[in-house]
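Trainee: Could we go through this model together, chain by chain and contact by contact?
Mentor: Gladly, let us bring it up first.

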Amino acid sequence: MNQLAFYFDASSCSGCKTCQVACKDKHDLPMAVLWRRVYEVCGGDWIRKGPAWIPNIYAYHMSMACNHCEEPICMDACPTKAIVKNDRGIVLIDYDRCMGCKYCEWTCPYGALQFDPVKKVMTKCTFCADYLEEGKPPVCVSACPMRALDYGDLDELAQRHGRSNEYFPLPKEKYTKPALVISPHLHARKAGNREFKIANKEEVKP
Amino acid sequence: MKEHQIDHIPPNGNPDHQGMERRCFIKMGAVFAGGMASLGSLLGCTDEKQRIRLPGRLEKDGTVVVRAGCPAHNCGGRCVLKLFLKDGEIIRIETDDRPGDDISDPQLRACVRGRAYRRRQYHPDRLKYPMKRVGKRGEGQFERISWDEALDMMASELKRVKNTYGNSAILVPYGTGSYNQTNGRQTAARLMNLFGGSLGFYNSYSWACISRATPYVYGTGVTGNQRQDWVNSKYIILWGWNPAEMRDGTNSEYFLKKARERGAKIICIDPRMSMSATALADEWIPIRPGTDTALMSAMAHVIISEGLHDEHFIRRCCIGFDQTQMPEGMENEESYCDYIFGTHDGRPKTPQWAEAITGIPENTIIRIAREYGSIKPAMLYQGYGMQRRAYGEQPVLGGCVLAAITGNVGIPGGWASGIALQADDGGPFWNIFPTGRNPVNAMIPVFLWTEAILRGKEMGAEDGVIGTDKLDNNIKLIWCVASNILINQHADTNRSAKILKDERLVEFIAVQDQFLTPSAKFADLVLPVCTQFEMWGLEDGWKYGDEVILMPKVLDPPHETKSDYQIAAGLAERLGLKEEYTLGRNERDWIEWAVKYFRNTRFPDIPDLEKLHEMNRGVYTRPVHEPKVAFRDFRRDPVKHPLNTPSGKVEIFSKTLFDMGKPDTIPAVPKYIQEWESPFGEESRRYPLQAIGHHYMPRVHSTHDGIDWLEEAFPQRVFINPIDAQAREIKDGNTVHVYNSRGAIMIPCRITQKIMPGVVNIPQGAWWAPDKDGIDRRGNVNVLTSHRWTPLAFGNAQHTMMVEVKKT
Amino acid sequence: MNNNEWPLVFFTMLSQISVGILIGGLALWLSVKNTESTALDTLKKVLIISAFGSMGIALLISFLHLASPLHSVYALSNAGSSWLSREIILTSLYLFSLAICFTSILYNVPHSNLFGQLYLASLIIGIVLIWAISRVYMIPTVPLWDTPATSVAFFSTALVLGGGMVLVMISLLAGKNIQLPDMEILQSAMFYLVSAAVFITLLNMLLIQPDISAATGSFPLPYISQWWKTVRIVFLLAGFSGLTYWFTYQLPSSGGSTSWLIYLSVACLLFSEIAGRYIFYASYYRVGV
Ligand SMILES: Nc1nc2c(c(=O)[nH]1)N[C@H]1C(S)=C(S)[C@@H](COP(=O)(O)OP(=O)(O)OC[C@H]3O[C@@H](n4cnc5c(=O)[nH]c(N)nc54)[C@H](O)[C@@H]3O)O[C@H]1N2
Ligand SMILES: Nc1nc2c(c(=O)[nH]1)N[C@H]1C(S)=C(S)[C@@H](COP(=O)(O)OP(=O)(O)OC[C@H]3O[C@@H](n4cnc5c(=O)[nH]c(N)nc54)[C@H](O)[C@@H]3O)O[C@H]1N2
Ligand code: SF4
Ligand code: SF4
Ligand code: SF4
Ligand code: SF4
Ligand code: SF4
Ligand SMILES: [Mo]
């Protein structure tokens, strides 16, 4: 099947949030709606050794939008069939059907679904479908100063970078089969890790 | 779709005219949508308006796509924005989309601020009209006046101060809001120079120490290879360098990513785990701020005692390394090795010694010293934060010396350290706009302007004054253009505010900006400036750059705003200098001139303005396939290509510095000197935490503060380690007091492991917002900084300060 | 918990109360010996009206939760995969069936078989509805909800509050001098029903623990103030103790001043359940981000 996917190189993401703001600008998103947002994972301990300090800490970023999952839990959950998956595998929301019950928001383990208080419907990343149609890359991808984002056919990306995305803070794949390929940061740990923490909660859950 | 050329407005030579009106845009859109573009039919609507000619694609819905430079603030980068214009409004901003994106000529991708620029461009608080002060100075009470009144007032004040005191009582202060070539501070400087001059200054707030100190070692500031060469390096130290956040030339972070892909190991030495440390480094080594020279010395100790230094290079190309190669007459003085091994002071600079000072474990020091000493070629790239400190000259000299003794000078993949302007021509020419010669010869170090207000007439060489023995005036008039230095960006804000409030000191202050900044609140006259989308402009790279970026005028200045050039030209008219000032050129003519200037200097093949504009690529570049390497000739043959130092060699020991006779503060070899405010000093009892104020992602200094999308992404916080927070019973997100003897701020904190215990970070640039008790509620770090300057460069040491934090 | 989830607290509780009342009613029918009484007819009316009323209010409240209620017609379209869609369909069916029941009472056919059949149909739809409501919350990515405890809790709420409400209604009618036959039996039946439900509630709280280890979420587990937890348990026990005291020493209660203990106890149970439902929503916690 033809399934579009994102590639994210966590090993070189600086957390600059250009992708986040580029997306906001492209889609005119109101405050507190972030179709793409950047999680900062950070924690660990400082160890005192005589006069010295040793940082036994971890830190990396995770830039995340909708992953246009192969088994979108959001789509199954939506009572109005407002969530649809198109022939390129892009999961889209039909604003004319959505009744704003926010139920889907509960289900998505990637925090992708975000209610737009102005439009009064659920919204999320569209994979910049209009741009794809014109043959242009999604805005976040062409925005990244680190070239840490890419997109393409899921299988191809997986072939190139290895098929893995189960890194903290993301969930295990099994829930939704996300169309997402990640190169992990050297500090990254597997999904399900119980010690790691998200450090910028106020920035990603406004 | 075809490329359309939209040229619908008759030419107009008057630079002072506002742009085309909005309705013309709408009409234009309609005409194109109807597919019957008739340029002639549009001529009617803009008779006396200046033309806005937009090249570029016209989309189905009437949107025009124009590529332009991101407004040239002092942001560390220079990028291309792709503007989507509809009905005379920017409706979207994207970035460089040139195909290829190869490192010889990479896309100049905008950062988060460029992408959020719409929120600044259309911010409701933009200044609209000229205003004069009504309340007391600094209260921020203003009243709208006309441009005529404003310019008359300005002209008469200039004349009055000139007649009463002389030109040297006038200051056009440091201001980096616009590096747009024909805009910003320099437009005022040109006028003042024609008017008889104004008090000069040298140095910058950015690079005071690094630009002054580097030449003592290398005789030049052009110590850097071109960036494309970085991929040849095998070991890279980001020493207090954070290009992922401050860019240091668009794409620096990307070049480092490429270097890493090619196998370079990267480490980062910084008190904070910066964005660069996270994204680019294999290892982060936290260091106690202000102790870098101690670490450098200990690394030298390991390198030299283990024989990892490049003996051959040192013998051929350096002096002052050890007793055997001291300059004449200096044979008995302390050489670099003498200092490192403690021959004179009895204190060998061992890793153990440095551990206690830097907080870095001895073993780590030994390890990185061995790595840097043995992995070839290696880069030690120093950032500028650590030289914006007490004795900020020392880490600069120290870095240069480490690079030299390991032989990393003059080779591909190596790096000589220091300010590292780019080979072969020193990088971009900032400020090509001809400001002319300043008839006032006197120059102060840029950081000492408040001193020159208080006691200018007493200032001489001991205060870094050059060009005269003593200043003949205190500063009496300030014309502040594209700058927030008066209040926000200078050290010790409360002190600056007190000085500026006193109308007997500075008698007249004019501030020319786009917003009512904290500095503007201290103005007697506020002049509203349009944004850089609303005027013609041109920019080149920030630090590196093999490009020229065009900034065509794409919007009309709203309300009564004008460009800096238009304002200066209007003032010139009142001062009887219009012809001399404008040379009959309007804004666009100056850009034409600037393009020619570039053609005659750096870019022989650059097309003329007309063509550049038509191409609508945003940028003209000169791809780099064979990156230049600094000091290559020198290394090959140091006799035939000597350096511009007194000895012609790399001066590890500088006799010039020695001759200054201040060994405790200006040593002849780089030394660790305990800072004047330090955790080891007396003051740490009351103020036990070191504070720094790094250059933050959502802002360019104070520019962009208060832009909602950026604040949402990067809120202003004081960053504090959990250990320090716990000791103070502070929880994440609590609003805390940060204070010292100079002032206090109160903002929420972010508890983070990414900062070393004992250090807090209050990102610099937040707009000073004192409450009724004088406590700043926005978190301007300069409330806490000291205005004491560094010994050699008279530079700002704004990162050196001790504070205490407490729960509110 | 988000403030905008209060409508859901009331929607779920009111719909469960509604079904609970029907269940209570059934229990009455099964225990009463003398089924020919006008007082009983009145009770039937009261039961149906309150079941209908609470479900109607529940539905209105659920609309409050929708940002674009005009689009809610589409909600019936995804019964194929969405439990929420199924819940909404069942809600409509249930209300519809109650409405017919109600009409049949209005036209005074309560004695006929028809009413009994309609009543049973509503009851069955109601029970399936509660099941569906609980399934709405059993989301694979929400481990603290995705347990049988959710279903059990929703049914026990129905029984505790449904039984409690019926008990209150009986007592109220008695207070109004509407003489119900076999008062003692009816009240005992309701007491046993509520007691059983309280035990189920307690067992559910103690025994079916969600598998938190399945939670691979990244934010800290939600913090629920001790205050709510205390209200939940204290009021549950208080309500139950009150009823037990009444059952032991004051049964039967003939309404008026003598039944204040019943009202107070049921009010306690209601508070406890509201707190419980608040805690339920506040414990929303998703895997991932
Ligand atoms: N986003 C953004 N980018 C900018 C700017 C901006 O305002 N915002 N400003 C631009 C301008 S004008 C300039 S001059 C440059 C400034 O660039 P820099 O001066 O290099 O930037 P800073 O953030 O001041 O400092 C860089 C790093 O030095 C660290 N540091 C501070 N003290 C010490 C120390 O004692 N030792 C060591 N090893 N590290 C230390 C800080 O933690 C920080 O991570 O940035 C440019 N780029
Ligand atoms: N504590 C501390 N203080 C510091 C530093 C630090 O590291 N720590 N860094 C220092 C450094 S490196 C620097 S370079 C200085 C920078 O200090 P400033 O040069 O004062 O820079 P900004 O704060 O960006 O202020 C620029 C102003 O120009 C305005 N502006 C923008 N575009 C235009 C234009 O086209 N025309 C006009 N007229 N105005 C315009 C903006 O609105 C803004 O108010 O700050 C220094 N201050
Ligand atoms: S733009 Fe790129 S580097 Fe920046 S946060 Fe997004 S993914 Fe990371
Ligand atoms: S990421 Fe979330 S919103 Fe996107 S398709 Fe998957 S489940 Fe649905
Ligand atoms: S909020 Fe809209 S898209 Fe989400 S479940 Fe409800 S109706 Fe469907
Ligand atoms: S693909 Fe488009 S909509 Fe999706 S996150 Fe990127 S920019 Fe936003
Ligand atoms: S780095 Fe500077 S020029 Fe580039 S987008 Fe950011 S603010 Fe604009
Ligand atoms: Mo700077």
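What follows is a set of questions and answers on the chains, the ligand shells and some residue pairs.

Mentor: Before we start, this is a predicted model, in which local features need pLDDT of at least 70 and side-chain atom pairs count only at pLDDT 80 or more, while totals for chains, interfaces and linings use all residues. Residues are numbered from 1 along each chain as its sequence is written, chains are lettered from A and ligands numbered from 1 in the order in which they are written, and side-chain values use heavy atoms, with hydrogens and water left out.

Trainee: Which chains share the most contacts?
Mentor: Contact means heavy atoms within 4.5 Å. Chain B and chain C do not touch, and their nearest C-alpha atoms are 13 Å apart. Of the two pairs of chains that are in contact, the one sharing the most contacts is chains A and B.

Trainee: What area is buried between chain B and chain A?
Mentor: The size of an interface is often given as the accessible area lost when the parts come together. Here buried area is the accessible area (1.4 Å probe) that two parts lose on being put together, summed over both. The contact takes 54 residues from chain B and 55 residues from chain A. Carbon and sulfur atoms give 53% of the buried area, which is about 4400 Å².

Trainee: How many salt bridges are there between chain B and chain A?
Mentor: Side chains of opposite charge can pair when their charged atoms come close. The rule for a salt bridge is a side-chain nitrogen of Lys or Arg within 4 Å of a carboxyl oxygen of Asp or Glu. A:Glu40 and B:Lys754 meet in this way, at 3.1 Å from N to O. For chain B and chain A, the count of salt bridges is nine.

Trainee: How many residues of the side of chain B that touches chain A are charged?
Mentor: The classes take Ala, Val, Leu, Ile, Met, Phe, Trp, Tyr, Cys and Pro as nonpolar, Asp, Glu, Lys and Arg as charged, and the others, Gly among them, as polar. On the side of chain B that touches chain A, 28 residues are nonpolar and eight polar, and the number charged is 18.

Trainee: And how many salt bridges cross the interface of chain A and chain C?
Mentor: This contact takes 40 residues from chain A and 42 residues from chain C. Together the two chains bury about 3200 Å², 60% of it on carbon and sulfur atoms. Across this interface, the number of salt bridges that the rule finds is zero.

Trainee: Which residues come nearest to ligand 3?
Mentor: A residue counts as near when one of its heavy atoms lies within 4 Å. By class, the shell around ligand 3 has nine nonpolar, four polar and one charged residues. Of the 14 residues around ligand 3, the nearest are A:Cys13, A:Cys16, A:Lys17, A:Cys19 and A:Cys144.

Trainee: Which helices of chain A each supply at least two residues of the shell around ligand 6?
Mentor: Ligand 6 is surrounded by 13 residues, the closest being A:Cys23, A:His27, A:Cys125, A:Cys128 and A:Cys140. That shell has 10 nonpolar, two polar and one charged residues. Helices (H or I, at least four residues) and strands (E, at least two) are DSSP runs, numbered from the N terminus. The helices asked for are α1 (18-27) and α5 (139-143).

Trainee: Is B:Met192 buried or exposed?
Mentor: Buried means under 20% relative accessible area, exposed over 50%, and partly exposed in between (1.4 Å probe, protein chains only). B:Met192 lies in helix α6 (residues 185-194) of chain B. Leaving aside neighbours within four places in sequence, its contacts include B:Leu158, B:Ile170 and B:Trp479. Because its relative accessibility is 0%, B:Met192 counts as buried.

Trainee: How many residues apart in sequence are the parts that B:Lys265 and B:Glu371 tie together?
Mentor: B:Lys265 forms a salt bridge with B:Glu371, with the closest N and O atoms 3.0 Å apart. B:Lys265 lies in strand β11 (residues 265-269) and B:Glu371 in helix α15 (residues 362-374) of chain B, so the pair ties together parts whose separation in residues is 106.
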